[in-house]
Amino acid sequence: MKKLIFAAVLSAVAFFAQGQGVVDVHSHILPQTYIEYLAAHDALMDEGFPLPKWSAEAQLKWMDEAGVETAILTLAAPHPLFGDKVENAAQVRKLNETAAKLKEEHPGRFLFCAALPLPDVEAALKELDYAFDVLHADGVKLATNAGGQYLGDPALDELFAALDRRKAVVILHPHRPEPVSREVMRQTPLAMQEYLSETTRAVCNMITRNVPARYPNVRIVVPHCGAYLPLAIPRMKALTPVMQKNGLVGEIDYEANLRQLYYDLAGAHSPQAIRQLLTITTPDHILYGSDFPYAAPRFLTAGLGRMKGYLSEESDLAPYRDMILSDNAKNLFAISKNSNDSRKDENTMENLQVRIAEIEVFPEWLDAYLAAAGDVGAESVAKEPGVVCIFPMQRKDNPCLIRIVEIYRSEEAYKAHLATPHFLKYKEGTPHMIKSLELVPMRPLDAEHMNRIFRKEGI
């Protein structure tokens with residue numbers, strides 16, 4: 001049976017090094033398991049250039065040096081579609097659980113937007129539920145296309161309806177266009193130009209079908225300074241009447257579509273790029289992005305310093321400095337502006353749910369119950385960031401008397417736990433083993449240190 005190891009942390013040690021307030025909405029996670037998956041399918045060069053090395057330690061080191069408080073992690077290109085549907089979905093699950101674990105281990109430093117196993121919409125919907133309900137994802141990352149299935153495709157309407165119900169943030173990222181001759185990208189590498197075309201293509205495709213307008217609770221982050229959208233949008237507006245006259249497009253609500261779009265400044269940012277974005281959006285929809293680890297840390301630090309400089313010195317942009325560097329992202333992702341300890345009050349004493357389950361088990365079922373209780377405890381702590389502790393114990397004088405200490409980060413985390421497959425398996429498989437059960441709510445006495453007493457050390 002897996003073991004739960006809990007360490008007492010009784011000194012007032014900070015959860016993480018204090019950042020300087022910048023929020024990075026465009027950074028990538030490339031764990032070794034994903035690199036191995038790509039290598040197994042000879043896909044390491046699928047985007048036409050080598051993937052950089054990444055580690056959480058290296059990213060945190062850069063964040064501390066550059067003054068970045070929080071980074072939102074998303075999967076970089078290429079999109080995982082090189083195996084069969086089962087393998088691809090399993091790979092996406094691994095990626096999301098890795099990102100969720102990093103968020104849990106480094107409160108306030110990392111958030112994450114979950115990957116989805118598209119173009120399999122049914123599998124994507126299942127992963128969406130797991131990512132939000134179990135892993136507590138902060139949004140979703142969508143590729144501009146997944147094997148030729150472009151954003152705006154009617155097949156994705158069901159997915160966007162689900163995202164709309166969850167009021168989700170969606171971060172877009174360009175991927176190799178499909179289908180297209182790879183010869184097109186040999187002389188001018190993908191990242192130099194086609195990524196901008198690809199992003200523009202996908203967003204325009206969504207706009208012509210009014211996808212953002214039809215799902216107004218979905219906030220969509222467009223990468224790389226908006227790509228070519230500041231040029232494309234006026235052209236689209238000008239040509240819409242002609243296209244409608246010829247029956248090529250229907251009504252397009254440009255204002256409603258554009259209201260849902262945000263833009264990060266990863267890549268070749270400049271005062272000119274921001275001014276161009278302000279022709280199609282408002283200052284509260286522009287966000288800082290680094291593109292870590294796709295450039296050397298020293299260049300990213302220099303780029304952030306240059307941005308801080310022109311956002312302070314350019315008189316027309318200076319009023320938006322704090323908005324672009326942090327406030328807009330904090331509003332978008334509901335990051336508390338009054339605390340560096342992670343999402344809004346998730347780890348406060350007021351939200352912690354603590355209870356003791358007092359259980360008496362029939363003697364003939366004792367071994368089977370202990371196995372079931374141990375399994376659900378181990379799996380819950382391993383897979384659910386909102387579960388701090390599920391710790392079953394026996395009375396020494398009467399082994400049939402079981403006590404389980406349960407600690408959840410919030411009421412929402414507790415409710416999500418009750419809906420997980422591993423808990424439902426335990427709930428449905430053990431009633432006949434139990435003679436009596438009482439759930440006793442508890443109130444922690446040590447408000448200052450309770451949040452530091454339990455931490456997951458390993459499973």
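This note walks through a predicted model, point by point.

1. **Overall make-up.** The chain has 459 residues, and buried residues make up 52% of them. Its secondary structure comprises 17 helices and 16 strands. Take the contacts with a separation of 6 or more: 79% of them join residues 24 or more positions apart.

2. **Helix 1 against helix 3.** Helix 1 covers residues 32–40 and helix 3 covers residues 85–105. Their axes lie 9 Å apart, at an angle of about 160°. Angles over 145 degrees count as roughly antiparallel, so helix 1 and helix 3 are roughly antiparallel to each other. The crossing of helix 1 past helix 3 is left-handed. On the helix 1 side, the contact uses Thr33, Tyr34 and Tyr37. Helix 3 supplies Glu87, Asn88, Gln91 and Leu95. By class, this contact has 3 nonpolar, 3 polar and 1 charged residues.

3. **Helix 14 against helix 16.** Helix 14 passes helix 16 in a crossing that is left-handed. Helix 14 brings Tyr369, Ala372, Ala373, Val376, Glu379 and Ser380 to the contact. His422, Phe423 and Tyr426 come from helix 16. The residues of this contact divide into 6 nonpolar, 2 polar and 1 charged.

4. **Helix 5 and its surroundings.** Which residues of helix 5 are buried? In this helix, residues 157–165, they are Asp157, Leu159, Phe160, Ala162, Leu163 and Asp164. These buried residues pack against both helices and strands. The helices are helix 4 (121–133), helix 7 (194–208) and helix 8 (211–214). The strands are strand 5 (139–143), strand 8 (169–173) and strand 9 (219–222). After helix 5 comes Lys167, which has a positive phi, near 50°.

5. **Cysteines.** How many disulfides are there? The count comes to 0, with a disulfide taken as a pair of cysteine sulfur atoms within 2.5 Å. Cys113 has 4% relative accessibility, so Cys113 counts as buried. Cys225 is buried too, since its relative accessible area is 9%. The cut-off for buried is under 20%.

6. **Gly305.** This glycine sits in helix 12, which runs over residues 297–313. Is Gly305 buried or partly exposed? With a relative accessible area of 38%, Gly305 is partly exposed. Gly305 and Gly67 are 238 residues apart along the chain, and their C-alpha atoms are separated by 9.9 Å.

7. **Val249.** Where does Val249 lie? Val249 belongs to the loop between helix 9 (229–245) and helix 10 (254–259). Its relative accessible area is 26%, so Val249 is partly exposed. Leaving out residues up to four places away in sequence, Val249 touches Thr240, Met243 and Gln244. Between the C-alpha atoms of Val249 and Thr208 the separation is 7.0 Å. Those two residues are 41 residues apart along the chain.

8. **Points to carry away.** Helix 1 and helix 3 are roughly antiparallel. Cys113 is buried, and Cys225 is buried, with a disulfide count of 0. Gly305 is partly exposed, as is Val249.

Key:
Residues are numbered from 1 along each chain as its sequence is written. This is a predicted model: local features need pLDDT of at least 70, side-chain atom pairs count only at pLDDT 80 or more; totals for chains, interfaces and linings use all residues. Side-chain values use heavy atoms; hydrogens and water are left out. A crossing is left-handed if the near helix is turned anticlockwise from the far one by less than a right angle, and right-handed if clockwise. Helices (H or I, at least four residues) and strands (E, at least two) are DSSP runs, numbered from the N terminus. Contact means heavy atoms within 4.5 Å. Ala, Val, Leu, Ile, Met, Phe, Trp, Tyr, Cys and Pro count as nonpolar, Asp, Glu, Lys and Arg as charged, and the others, Gly among them, as polar. Buried means under 20% relative accessible area, exposed over 50%, partly exposed in between (1.4 Å probe, protein chains only). Axes are lines fitted to C-alpha atoms, for helices over the stretch in contact, and angles run from 0 to 180 degrees between N-to-C directions. Angles under 35 degrees count as roughly parallel, over 145 as roughly antiparallel, 65 to 115 as roughly perpendicular and the rest as oblique.
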